[in-house]
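Hi,

Here is the structure I promised to pass on.

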Amino acid sequence: MKVVAAVVVVVLAVVQLAMVARGAVTCAQVDANLAPCVPFLTQGGEPGASCCSGVKTLNGLAQSTDERRTTCNCVKAAANRYPNLKDDAAQSLPSKCGVSLNVPISRTINCDT
């Protein structure tokens, strides 16, 4: 019986750790997923396959309100690091990648709304 209880405790701990790890979006993840998009966002043209893959991954990371807010703040900070970012390219990126991105790519977005 003690073995069963120990196994249950271990399983619950693993599930809890998985939930915490999944819900923690970081700016490093956001930056890594958007890095292949920098040429498109600053020069225009068409986004590459690796850029669109990153946008799709980013969209999957930001599911809850807190995750979207964190992702939004990270995207905003990343966008502000590129003074030559083209706003029209940033706005068109999700549709060019076939994604309905739930976080806008903008330097001026209010991430608290």
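Let me start with Asp87, which is partly exposed at a relative accessible area of 40% (buried is under 20%, exposed over 50%, partly exposed in between, with a 1.4 Å probe and protein chains only). Before going on: this is a predicted model, where local features need pLDDT of at least 70 and side-chain atom pairs count only at pLDDT 80 or more, while totals for chains, interfaces and linings use all residues. Residues are numbered from 1 along each chain as its sequence is written, and side-chain values use heavy atoms, leaving out hydrogens and water.

Asp87 pairs with Arg107 in a salt bridge at 3.2 Å, N to O (a side-chain nitrogen of Lys or Arg within 4 Å of a carboxyl oxygen of Asp or Glu). That pair links distant parts of the chain, with Asp87 in helix H6 and Arg107 in the segment after H6, 20 residues apart. Helices here are DSSP runs (H or I) of at least four residues, numbered from the N terminus.

The count comes to five salt bridges. Another one joins Arg81 to Asp31, with the closest N and O atoms 3.0 Å apart. Here Arg81 sits in the loop between helix H5 (65-80) and H6, and Asp31 in helix H2 (residues 27-34), 50 residues apart.

Then there is Asp112 with Arg69, at 3.8 Å, N to O. Asp112 lies in the segment after H6 and Arg69 in helix H5, so this bridge ties together parts 43 residues apart in sequence. Asp112 is exposed at 57%, whereas Arg69 is partly exposed at 29%.

Cheers

Terms used: Helix = DSSP H or I, 4+ residues; strand = E, 2+ residues; numbered from the N terminus.
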